[in-house]
Amino acid sequence: MNSDAKFWDRAAEKYARSPIKDIKSYEYTLERTRSFLPPHADVLEAGCGTGTTALRLAGSTAHILGTDISAAMIAIARRKLLEPDAPVNVTFEVAALDDESLPEGPFDAVMAFNILHLSRNLDAALAALARRVRPGGLFISKTVCLSDSPYRLLRPVLGLMKLAGKAPHVLFLSRKDLEDRVKAHGFEILETGDFPASPPCHFIVARRMP
Ligand SMILES: C[S@@+](CC[C@H](N)C(=O)[O-])C[C@H]1O[C@@H](n2cnc3c(N)ncnc32)[C@H](O)[C@@H]1O
């Protein structure tokens, strides 16, 4: 099994119990995302974790497929679908961000929340996601940009934690670099913002150019 999948499998139950750190920022980006999702859209959320966001957005669109590299995360997400008032238009599948296991689509919108900074090859991940957005469709993401904050000083510490299996692989991105790379994959950026502001979790809404 891939080492990222193993890390996140071990983290899944604790991740599921952890409260969202900045609920105001979370609710705000959820609301902004809702405002862009067409009601009849077929949506992919890559790196959906335990499915919280997909389930919260289900009422705003036609179908959401949540995917994640971690079978343990997907098992928790699927458990939530068994609850009596769970939405019926959400499904969850194990799939890595940047290999052939990710369903092809194309989708009307692809979402990637708190995951791009974890990719081993950002351009490969963006290419894989861009390919799954239909021309004119949307890409909506949130990505922590540690290079734009004092947290960049933690890079050596995170490197050591990763060696000890206590932290995942993490990219240190700047907001400008991230936006430039999103644009280089054929998107025009419609909206950005930082929610929370520190360390900046950069929200990007982009449209795939025809
Ligand atoms: C920080 S959590 C974010 C989960 C969720 N999107 C959220 O905002 O709460 C990162 C998630 O990305 C998943 N992940 C990490 N690397 C991945 C990859 N290469 N492909 C797919 N999922 C991946 C992890 O299993 C984990 O569920």
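**Reading the model, feature by feature**

Reply: Proline 168 sits in the loop that runs between α6 (155-163) and α7 (175-184). Please keep in mind throughout that this is a predicted model.

Me: Is proline 168 buried or exposed?

Reply: The general idea is a cut-off: a residue counts as buried when its relative accessible area is under 20%. Proline 168 has a relative accessibility of 16%, and therefore counts as buried.

Me: How far is the C-alpha atom of proline 168 from that of leucine 118?

Reply: These two C-alpha atoms are separated by 7.2 Å, while the residues are 50 apart along the chain. For another pair, alanine 125 and valine 205, the residues are 80 apart along the chain and the C-alpha atoms are separated by 17 Å. Alanine 125 belongs to helix α5, and with 0% relative accessibility it counts as buried.

Me: What does the UniProt annotation say about residues 43-137?

Reply: The unreviewed UniProt entry annotates this span as "domain: Methyltransferase". In the model, the span is 27% helix and 28% strand, and the C-alpha atoms at its ends lie 10 Å apart.

Me: Let us turn to the ligand. How many residues surround the ligand, and which are the closest?

Reply: The ligand is surrounded by 17 residues, of which Tyr15, Gly47, Asp68, Leu97 and Phe113 are the closest. Sorted by class, this shell holds eleven nonpolar, four polar and two charged residues.

Me: Which polar atoms of aspartate 68 and of the ligand lie 2.5 Å apart?

Reply: For a polar contact, one looks for a pair of N or O atoms within 3.5 Å. In aspartate 68, a polar side-chain atom is 2.5 Å from an oxygen atom of the ligand. Phenylalanine 113 takes part through its backbone, where an N or O atom lies 2.7 Å from a nitrogen atom of the ligand. The side chain of asparagine 114 has an N or O atom at 2.8 Å from an oxygen atom of the ligand. As for cover, the ligand on its own has 590 Å² of accessible area, and the protein covers 91% of it.

Me: Which peptide bonds are cis?

Reply: Most peptide bonds are trans. Among the cis cases here is the bond from phenylalanine 195 to proline 196, with omega near 0°. Another cis bond joins serine 198 and proline 199, and its omega is about -15°. Proline 196 is in the loop between β6 (187-194) and β7 (201-208). Proline 199 is also placed in the loop between β6 and β7.

Me: Polar contacts can also be found within the protein. Which residue has a side chain in polar contact with that of serine 70?

Reply: The partner is aspartate 9, and the contact between the two side chains is 2.6 Å. Serine 70 is located in the loop between β2 (63-68) and α4 (71-80). With a relative accessible area of 0%, serine 70 is buried.

Me: Which backbone oxygen lies 2.7 Å from the side chain of threonine 33?

Reply: That oxygen belongs to threonine 29, and the atom facing it is a polar atom of the side chain of threonine 33. Threonine 33 is part of helix α2 (residues 23-36), and it counts as buried at 1% relative accessibility.

Me: One last topic is the cysteines. How many disulfides are there?

Reply: A disulfide is a covalent bond between the sulfur atoms of two cysteines. To find one in a model, we ask whether two cysteine sulfur atoms are within 2.5 Å. The count by this rule is zero disulfides. Cysteine 48 is in none, and the nearest cysteine sulfur, which belongs to cysteine 201, is 17 Å away. Cysteine 201 is likewise in no disulfide, the nearest cysteine sulfur being that of cysteine 145 at 7.8 Å.

Me: Are cysteine 48 and cysteine 201 buried or exposed?

Reply: Cysteine 48 is buried, with 7% relative accessible area. Cysteine 201 counts as buried at a relative accessibility of 8%.

Note on methods:
Residues numbered from 1 in each chain as written. Predicted model: local features only at pLDDT ≥ 70, side-chain atom pairs only at ≥ 80, totals over all residues. Heavy atoms only, no water. Buried < 20%, exposed > 50% of the residue type's maximum accessible area, 1.4 Å probe, protein only. UniProt positions renumbered as here; feature names shortened; annotations may be inferred. Helix = DSSP H or I, 4+ residues; strand = E, 2+ residues; numbered from the N terminus. Near = heavy atom within 4 Å. Polar contact = N/O pair within 3.5 Å; in protein donor to acceptor, adjacent residues only side chain to side chain. Areas by Shrake-Rupley, 256 points an atom, 1.4 Å probe, with all protein chains shown as cover. Nonpolar A, V, L, I, M, F, W, Y, C, P; charged D, E, K, R; others polar.
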